Amino acid sequence: MSFKQFYLGCLAHASYLIGSQGDAAVIDPQRDIEQYLSEASQAGLKIKYIIETHLHADFVSGHRELAEKTGAQIVFGEKARANFPHLAVRDGDELPVGNITLKILETPGHTPESISILAIDATGSETPKRLFTGDTLFIGDVGRPDLVGAKGYTAEVMAGMLYDSLHNKILTLDDQVEVYPAHGAGSMCGRNISSDTFSTLGNQRRFNYALQPMSRESFIKLMTTDLPEAPAYFPVDAELNRQGAGSLKDLPELPALSPKEIIALFQHGATILDVRNAAAYGAGHIKDSINIALGGQFASWSGCLLNLNEPIIIVSESQEGVNEAQMRLARVGIENVKGYLDGGIKSWSDAGLPLATIAQISVEELQQRLNENKHLQLIDVRRTGEFKNGHAPGAINIPLASIAKANLSVDSLEPTLVICAGGYRSSAATSILERRGFQNLCNIVGGTSAWINAGLPIEN
């Protein structure tokens with residue numbers, strides 16, 4: 001048996017290739033597909049099936065292009081109603097891949113069409129069975145029941161379906177079955193996903209909060225309470241996946257733009273996206289640009305924070321960064337990039353144009369300021385669950401995903417410090433707050449992790 005997990009940190013996304021006796025299947029592929037072709041070629045495998053566990057809303061899949069290049073059959077659960085030739089499978093269907101049997105389990109709940117795939121070695125090998133759960137069961141969590149795939153259903157109805165799928169299908173399997181989900185920590189398809197990328201069903205039965213003994217009604221309430229708002233790009237990506245996206249190779253070559261051209265585009269509604277790290281952005285940036293650094297979950301946050309209807313201009317330190325940003329934006333269906341700042345931020349200052357700055361301060365300096373001013377405005381932009389697990393004293397929680405539209409209880413004229421887990425999300429938040437008129441902003445370097453590591457006090 002050949003098996004490989006491909007993990008894409010930018011999207012907290014896991015995809016898989018499993019093969020035997022010259023045949024292979026790819027499960028939940030990302031949009032850029034060359035790695036699957038390369039891995040199959042090196043292993044002497046021909047890709048026979050491309051299986052989607054559901055219509056993904058958080059990224060654009062490469063199933064159409066991969067099928068065109070390999071002749072493989074695309075597989076969806078029958079309720080997906082994909083608008084291209086595909087094999088629609090139902091509960092109990094089996095797909096042969098060499099000596100492996102891929103058994104389909106219909107597991108609705110995250111979406112109506114969700115399936116899980118149980119890989120069984122037909123040779124009777126001691127290798128544990130593998131269960132590919134898509135967004136139904138994560139490591140440490142389960143899929144949200146309120147996203148676009150469930151259009152036409154209430155979150156409560158979908159949560160009930162999810163309970164049934166977990167208890168009547170997945171939890172009937174042996175503890176030794178290995179669980180391989182489609183996402184890891186940071187994905188917005190769950191709320192408490194572990195940083196582990198696989199586990200066993202036995203461990204999940206013991207440690208996953210959503211699998212602990214509870215009534216169906218209690219589960220539904222748990223799964224539908226305090227859900228964050230679904231990102232605006234989710235329905236766009238789900239529909240792209242239903243139709244089948246084009247090749248990344250069709251993306252246009254981006255033009256280099258002068259500062260004068262960028263000013264004109266900005267005045268007509270373009271978004272300036274600065275993809276440099278927090279320190280570089282803080283040291284000098286174009287006022288009202290948005291900072292989403294390439295070093296973190298760039299694609300996911302771009303989909304959440306950018307206006308999908310506005311053209312985008314990229315500011316980067318290098319041509320490689322421009323190209324990477326364009327490709328990673330396309331992974332979430334954002335293809336309206338109009339160009340990039342020629343010569344980087346230096347060309348802006350060389351043209352005599354002003355640069356805005358945002359102070360970057362340490363957690364020790366944050367503590368000193370808090371001691372001096374008990375009413376200091378400290379905003380923690382982590383998710384609500386992270387915030388409740390411990391935060392700096394006096395912090396208020398405004399999750400990054402909602403900070404652009406939230407009714408803020410803080411004063412834009414007062415000094416405002418922003419913190420997250422490590423400094424990535426907080427830098428993005430300062431850029432959005434700057435656009436909202438905040439004039440005295442600081443980003444906390446190292447975030448809450450640095451605060452805790454320094455032994456500073458925590459509130460719950």
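Which helices each supply at least two residues of the lining of the largest pocket? They are α9 (298-305), α13 (384-388) and α14 (424-435). The legends below start there.

This is a predicted model, in which local features need pLDDT of at least 70, side-chain atom pairs count only at pLDDT 80 or more, and totals for chains, interfaces and linings use all residues. Residues are numbered from 1 along each chain as its sequence is written, and side-chain values use heavy atoms, with hydrogens and water left out.

**View 1. The largest pocket holds about 1400 Å³ of space.** Its lining has 50 residues. Pro228, Trp301, Arg383, Pro399 and Ala401 lie nearest the centre. By class, the lining has 24 nonpolar, 13 polar and 13 charged residues. (Ala, Val, Leu, Ile, Met, Phe, Trp, Tyr, Cys and Pro count as nonpolar, Asp, Glu, Lys and Arg as charged, and the others, Gly among them, as polar.) A pocket is an open set of points on a 1 Å grid over the protein atoms alone, where a 1.4 Å probe fits, with protein on both sides within 12 Å along at least five of seven lines; lining residues have an atom within 4 Å of a point. The volume is the space filled by probe spheres set on the points.

**View 2. Helices α9 and α14 cross at roughly 25°.** Their axes come within 12 Å. That makes α9 roughly parallel to α14 (angles under 35 degrees). The crossing is right-handed. Phe298, Trp301 and Leu305 in α9 meet Tyr424, Arg425, Ala428 and Ile432 in α14. Contact means heavy atoms within 4.5 Å. The residues of this contact divide into 6 nonpolar, no polar and 1 charged. Helices are DSSP runs (H or I, at least four residues), numbered from the N terminus. Axes are lines fitted to C-alpha atoms over the stretch in contact, and angles run from 0 to 180 degrees between N-to-C directions.

**View 3. Helices α3 (residues 155-168) and α5 (residues 216-224) pack at about 125°.** Their axes are 9 Å apart. Residues of α3, including Ala155, Met161 and Leu166, meet Arg216, Phe219, Ile220, Met223 and Thr224 in α5. By class, the contact has 9 nonpolar, 2 polar and 3 charged residues.

**View 4. Thr224 is found in helix α5.** Leaving aside neighbours within four places in sequence, Thr224 is in contact with Pro145, Ala155, Glu156 and Ala159. Val315 is 91 residues away along the chain, and the C-alpha atoms of Thr224 and Val315 are separated by 39 Å.

Technical notes
Parallel < 35°, antiparallel > 145°, perpendicular 65-115°, else oblique. Left-handed = near helix turned anticlockwise from the far one by under 90°.
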